[in-house]
Amino acid sequence: MSRHTHDMKICLAIFAKLSEYIDNELDELTCQDIERHARECIRCKTCLDTLKRTIDLCRNTGDKPLPEMFSFRLKEFIQSLS
Amino acid sequence: MTTNKPKPGKKKDDDSELIEAINSGQKKLFFDLVKRYQHRLYNFGLRMCRDKSDAEDLVQETFFNVFKYLKNFRYETKFKNWLYRIAGSVCIKKRRKSKFAPERELSLEEFIPKEGEPVQTELPGWAAMPIDKVLNAELSDTVQSAIQSLPEKYRLVIVLRDIEEFSTEETAQILKISPANVKVRLHRARLFLKEKLQEYFGNEPSYP
């Protein structure tokens, strides 16, 4: 942990665009700017990596099985429609 | 009988043939369509509704509406996108009927620590280690709870984008909002989850 003392303007501008960067939704020049800044700013790099991991975890939490009783009831409901 | 067959230039997908058959009178095949999506939709319901019985209601109500309006399906979008548009509307309608407090807005500023606050300068273990070393049942439940604690409009976007894997454009069409709005909501939702995970892993401060 450290005190945040450097000019935050660039950090804040990048902070607002991190999701778009991760999703490849930014132009090449902006991506290069972010990558260059992240190489120099450990705070931005850490934020980027923890955000990436947040998304990975979100994508990998897995699904719950469909309850058998509900599956049965749904089938009956659908049959009552058709 | 008239049926809405996919016209040239329309979006034909893996479901088109089955939908054509159902719309041409083979109503019994509707359950085949249900079987293709019931599991995914149930999990979408679990993430959106907070409890199992509401998730089940959402699945049933969505398929009821699909059955009712399938004749009007114009193949202008993939069936899956149309299905989730209906499911999303069911969620929103359910919420309006309930007595929840008004939704709170998430602002970008709330995720920025005040000046002078300590910030994280080392990658924490949960972000540095391979994901299979980090993810377990307890963390999985924590992520699910964090998703469920998001205000609904942010929750819908993150579930559609990061879990159901719709593109920004598709999510915008499903929710009838602009792609720019999808991006704004998604970023705030992800930052919200990141904070919840940091709290879970030891209340480490966030950036910048």
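**Close-up views of helix packing and the A–B contact in a predicted model**

**Figure 1. Packing of helices α8 and α9 within chain B.** In this predicted model, helix α8 (residues 152-163) and helix α9 (residues 168-175) of chain B cross at roughly 140 degrees, and their axes come within 10 Å. On the α8(B) side, the residues in contact are B:Leu156, B:Val157, B:Leu160 and B:Arg161, which meet B:Thr171, B:Ile174 and B:Leu175 of α9(B). By class, this contact comprises five nonpolar residues, one polar residue and one charged residue. Helix α9(B) is also the element of chain B with the highest confidence, at a mean pLDDT of 97.

**Figure 2. Helix α5 of chain A against helix α2 of chain B.** Here the pair spans two chains: α5(A), residues 68-81, packs on α2(B), residues 30-49, at an angle of about 150 degrees. The axes of α5(A) and α2(B) lie 10 Å apart. Since angles over 145 degrees count as roughly antiparallel, this description therefore applies to α5(A) and α2(B). The crossing of α5(A) with α2(B) is right-handed. Chain A contributes A:Ser71, A:Leu74, A:Lys75 and A:Ile78 from α5(A), and these meet B:Phe30, B:Phe31, B:Val34 and B:Gln38 of α2(B). Five of the residues in this contact are nonpolar, two are polar and one is charged.

**Figure 3. Helix α4 of chain A against helix α10 of chain B.** Helix α4(A) packs against α10(B), residues 179-200, with an angle of about 90 degrees and an axis separation of 9 Å. The two helices are therefore roughly perpendicular to each other. From α4(A), the contact draws on A:Thr50, A:Leu51, A:Thr54, A:Ile55, A:Leu57 and A:Cys58, while α10(B) supplies B:Arg190, B:Leu193, B:Lys194 and B:Leu197. Six nonpolar, two polar and two charged residues make up the contact of α4(A) with α10(B).

**Figure 4. The side of chain A that touches chain B.** Across the whole contact, 41 residues of chain A and 46 residues of chain B take part. Five elements of chain A give two or more residues to this side: β1 (2-3), α1 (9-15), α2 (18-22), α4 (42-59) and α5. Helix α4(A) provides the largest share, 15 residues. Sorted by class, the side of chain A that touches chain B holds 19 nonpolar, 11 polar and 11 charged residues.

**Figure 5. The fold and extent of chain A.** Chain A contains one strand and five helices, arranged along the sequence as β-α-α-α-α-α. Its C-alpha trace spans about 65 × 30 × 15 Å along the principal axes. The radius of gyration of chain A is 22 Å, whereas a compact globule of 82 residues would have a value near 12 Å.

**Figure 6. Confidence in the two chains.** The model as a whole has an ipTM of 0.90 and a pTM of 0.89. For chain A, the average pLDDT is 90, with 91% of residues scoring at least 70. Within chain A, strand β1(A) has the lowest confidence, a mean of 46, and helix α2(A) has the highest, at 98. For chain B, the mean pLDDT is 89, and 87% of residues reach 70 or more. The lowest confidence among the elements of chain B is found in strand β1(B), residues 118-119, with a mean of 68. Residues 204-208 of chain B remain under 50 in pLDDT, and the model gives this stretch 29 contacts beyond four places in sequence. Where pLDDT is low, the predicted coordinates should not be read in detail.

How values were computed:
Residues are numbered from 1 along each chain as its sequence is written. Chains are lettered from A and ligands numbered from 1 in the order in which they are written. This is a predicted model: local features need pLDDT of at least 70, side-chain atom pairs count only at pLDDT 80 or more; totals for chains, interfaces and linings use all residues. Axes are lines fitted to C-alpha atoms, for helices over the stretch in contact, and angles run from 0 to 180 degrees between N-to-C directions. Helices (H or I, at least four residues) and strands (E, at least two) are DSSP runs, numbered from the N terminus. Angles under 35 degrees count as roughly parallel, over 145 as roughly antiparallel, 65 to 115 as roughly perpendicular and the rest as oblique. A crossing is left-handed if the near helix is turned anticlockwise from the far one by less than a right angle, and right-handed if clockwise. Two residues are in contact if their C-beta atoms, placed from the backbone, lie within 7 Å. Ala, Val, Leu, Ile, Met, Phe, Trp, Tyr, Cys and Pro count as nonpolar, Asp, Glu, Lys and Arg as charged, and the others, Gly among them, as polar. pLDDT is the predictor's confidence in each residue, from 0 to 100. The radius of gyration is taken over C-alpha atoms; the globule rule is 2.2 Å times the number of residues to the power 0.38.
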